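Dear colleague,

Here is the structure I said I would pass on. My notes follow below it.

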Amino acid sequence: MTLLAFDWALLLEKLILIAIIVLASLGIALYTTFAERKVAGALQDRPGPNRAGPFGLFQPFADGLKLIMKEEIIPNTSNKGLFILGPALAMTAALMTCAVIPWSSYIEIGGRKIDLQVADINIGVLYVFGVVSLGVYGIMIGGWASNNKFSLMAALRGASQAISYELAMGLSLIAVLMISGSLSLKTIVDGQMAEGGLWNIVYQPLGFIIFFICALAECNRTPFDLPEAENELNMGYHQEYSSMKLGFYLFAEYVNMIMSSAVMASLYFGGYDIPFLDESTLPVNTAAILGVVALLAKIVFFLFLFMWIRWTIPRFRYDQLMHVGWKNLIPLALFNMLVTGAVILWQQG
Amino acid sequence: MQALTNRRKAVGREPMTFMERIYIPSILKGMGITFSHLFKKQPTIQYPEQKREFSPVFRGLHVLNRDEEGRERCTACGLCAVACPAEAITMEAAERMEGEENKYREEKYAAKYEINMLRCIFCGLCEEACPKDAIYLSETFAPANYNRKGFVYSKDDLLIPNPKTEPEAYAKAKGEPRTNN
């Protein structure tokens, strides 16, 4: 029976963790759609949805129910296989990112140490990037399979935008990796939590701004929401979609927002670190739970920032988008990388 | 050219300065403006529960009035129909019979009285033209309907409830829209 000499408890604990994280991400995404509308309302001097339940709290369920009950239309001229694959891929790619995010340190149950991270792989940051670029395939396949010129145009825009901004994003990230010396998100967060360690935002303010702008572009958020520009592309890549397939696309956008907020919090804002508090003085489980709360608070802040920006500024013109990406952000990111490298070399003497 | 407002601003055509070109300062400024709106008072009126007060001169649906004894005031003289610029009012006159003195005030009354609310422009000229104070404009407006016929209000729809026999309905009639479509 040596074949079964495997830590089954580990499998169980990971499965439970995966289930919790996926469900929690979906639940938060559900309420992010609600928060988006509430924030939009508040910023425009109106109350936002307030009819379904107290303060309109059941609104996301009403929206979801509506989407599910609607007729599922697959256009005659579409490529049916790819048409279904598109939203599925977008959603999968969005959810896969959460596997490497360290939600907190670890908890102890019955003497067993359980990491609150699905997988602490040593190429965590690379994995995030790989999966995020997979998300573009959801848009591209959906736009292509719709067999509609507007959808195709939007898909092309989405793809070229994602490629352009991934470059600057990667370059701004290299500076962070130089400081932390690791690609594992857990190690990066621990480096910021360590005694005397400051959050990376202190060392990398410019890098963070570049990363944040690129994250907006990667999530297709205003001012970079050209793939779904309503006024020129009639909704963009999901124009032919209806019912829950459309819901998946819309939902994937919010999951993406949550995940990029979590990545930004981990990379630049100390992840589950609570500022001005030494976590090692607390009991392990308390510290872990407080850590989750701290990370969630940071995520909520970033989500609000995303929405705040969306309801403040209009979208860029397409040439401006490319101009900002290639001529401004990439040189700035390169400059940031060079300065960081020089400072590190100078400090090492 | 004379300026229409004192907020007029000439648009410059000079190239953007460096601060303008990096966008971020103006974006932050814009975000400051939207953030300040978080704390502004919302002008929203939660409609079915809260209703905005009409102004005292509001001209809504017509009401055919009765006198204190509950008799119809209208004598079908037709002055309102003549005054009406939209030609929305039609009526047919009839003579009062013996024993109907408690229903109609004068010897002549309107057997049929119709106002087409789709034609009516709610100008209130009928109210001004009426020598008998028989028609006036209330503070309600015509509810939505599925067909045009529903907007031709007959005498039954317009006549105010009898203050003698239905005092509550009479009191209510001035503020409530009709329900019998």
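I start with one helix pair. In this predicted model, helix α8 (residues 205-218) of chain A and helix α12 (residues 318-348) of chain A have axes that come within 10 Å and cross at roughly 145°. The crossing of α8(A) past α12(A) is left-handed. On the α8(A) side, the residues that meet the partner helix are Leu206(A), Gly207(A), Ile210(A), Ile213(A) and Cys214(A). Their counterparts in α12(A) are Leu329(A), Leu332(A), Ala333(A) and Asn336(A). By class, this contact has seven nonpolar and two polar residues, and no charged ones.

Now chain A as a whole. Its secondary structure consists of 12 helices and two strands.

Along the principal axes, the C-alpha atoms of chain A fill a box of roughly 60 × 50 × 50 Å. Of the 349 residues in chain A, 42% are buried. Taking contacts in chain A between residues at least 6 apart in sequence, 79% join residues at least 24 apart.

Last, the two chains together. The contact between them involves 11 residues of chain B and 11 residues of chain A. On the chain B side, five of the residues are nonpolar, five are polar and one is charged.

Regards

Key: Residues numbered from 1 in each chain as written. Chains lettered and ligands numbered in written order. Predicted model: local features only at pLDDT ≥ 70, side-chain atom pairs only at ≥ 80, totals over all residues. Contact = placed C-beta atoms within 7 Å. Nonpolar A, V, L, I, M, F, W, Y, C, P; charged D, E, K, R; others polar. Helix = DSSP H or I, 4+ residues; strand = E, 2+ residues; numbered from the N terminus. Buried ≥ 20, exposed ≤ 12 C-beta atoms within 10 Å, placed from the backbone. Axes fitted to C-alpha atoms, helices over the stretch in contact; angles between N-to-C directions. Left-handed = near helix turned anticlockwise from the far one by under 90°.
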